[in-house]
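The model is a predicted one.

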Amino acid sequence: MALVLEHEQIASSVFRLLVKDSGNPKPGQFYMLGASGEGMDPFLKRPLSVHDANGDEVEFVYQIVGRGTKMLSEIQTGEQPALEMFGPLGRGFEFADENSAFIGGGVGVVPLYYAIKEFKRNFGKKAVAYLGFSGETFLVDRFKAVCDEVIVNVGGYITDYVDREFVQYYTCGPDPMMEAVAKLLPDGAKGYVSLEKRMGCGVGACFACSVRVDGKMQRVCKDGPVFLAKEVF
């Protein structure tokens with residue numbers, strides 16, 4: 001069981017969850033979380049990307065999209081048999097000592113915050129965040145606190161605003177947006193995509209989240225969720 005330190009709604013159907021955990025996750029990794037209890041339905045846990053991590057605390061931001069996340073949203077703070085989680089899981093982002101762009105769409109902006117924090121801490125190079133939303137925005141002020149520049153678009157295509165001057169690109173969000181990012185990469189640039197897929201086990205045993213990467217079937221939970229953009233799109 002996990003100790004829930006803070007849990008609050010930050011936008012329509014979007015929640016922030018702070019949990020006590022010393023797993024020391026890397027940017028781009030995720031945890032499997034679920035509400036506990038007898039006869040819980042749905043049975044399977046839900047994969048949530050790490051939004052931030054500090055010492056023995058891990059933070060998540062998620063959107064209600066079904067029964068599993070709806071049950072998560074009802075969990076209260078305090079030490080009670082309400083939240084089960086395990087992780088960190090998966091392969092995260094790989095950084096380089098180069099100016100970088102971070103492009104997120106909707107709830108796909110969530111893992112980019114921790115990625116930018118660690119990128120700036122380790123390299124200190126220029127980091128620009130491009131955040132796209134279909135409606136209500138969230139987390140924008142947090143990104144402004146860690147980025148050199150934050151560009152926000154609501155209701156349009158955030159990829160229309162991405163500068164092609166960068167050497168490294170990191171993106172997470174809807175597949176069409178990430179595919180657009182892959183296509184705009186300039187010659188010599190490297191892009192990484194963080195895929196969002198339904199998962200069963202989270203450890204690569206069930207193959208429920210398999211996708212074709214560079215001509216071969218790969219498991220998003222085990223081999224990803226971060227892949228090279230050119231190998232996916």
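## The sheet

Strands β1 and β2 (residues 14–20) run antiparallel, joined by 7 bridges. Across this pair, Val4 sits opposite Val19 in β2.

The pair belongs to an open sheet of 4 strands, ordered β1-β2-β6-β5, with antiparallel pairing. At the edges lie β1 (3–11) and β5 (52–54), each pairing on one side only. From one strand to the next, the twist averages 15°.

## A helix on the sheet

Helix α2 (residues 110–122) packs on the sheet. It touches β5 and β6 (57–63). The direction of α2 makes about 45° with that of β5.

## The largest pocket

The largest pocket has a volume of about 730 Å³. It is lined by 26 residues, and the closest to its centre are Pro47, Leu48, Val65, Glu196 and Lys197.

At least two lining residues come from each of β4 (46–49), β6, α1 (67–73) and α2. β4 provides the largest share, 4 residues. By class, this lining has 14 nonpolar, 6 polar and 6 charged residues.

## The second largest pocket

The second largest pocket holds about 470 Å³ of space. Its lining counts 25 residues. Closest to the centre are Gly105, Gly106, Gly132, Phe133 and Ser134.

Both β9 (127–133) and α4 (175–184) supply at least two residues of this lining. α4 gives the most, with 3 residues. The class breakdown is 11 nonpolar, 12 polar and 2 charged residues.

Terms used:
Residues are numbered from 1 along each chain as its sequence is written. This is a predicted model: local features need pLDDT of at least 70, side-chain atom pairs count only at pLDDT 80 or more; totals for chains, interfaces and linings use all residues. Side-chain values use heavy atoms; hydrogens and water are left out. Two strands pair if DSSP finds at least two bridges between them. Axes are lines fitted to C-alpha atoms, for helices over the stretch in contact, and angles run from 0 to 180 degrees between N-to-C directions. Contact means heavy atoms within 4.5 Å. On a 1 Å grid over the protein atoms alone, a cavity is a set of points where a 1.4 Å probe fits but cannot get out, and a pocket is an open set with protein on both sides within 12 Å along at least five of seven lines; lining residues have an atom within 4 Å of a point. Grid points are joined across faces, edges and corners, and a volume is the space filled by probe spheres set on the points. Ala, Val, Leu, Ile, Met, Phe, Trp, Tyr, Cys and Pro count as nonpolar, Asp, Glu, Lys and Arg as charged, and the others, Gly among them, as polar.
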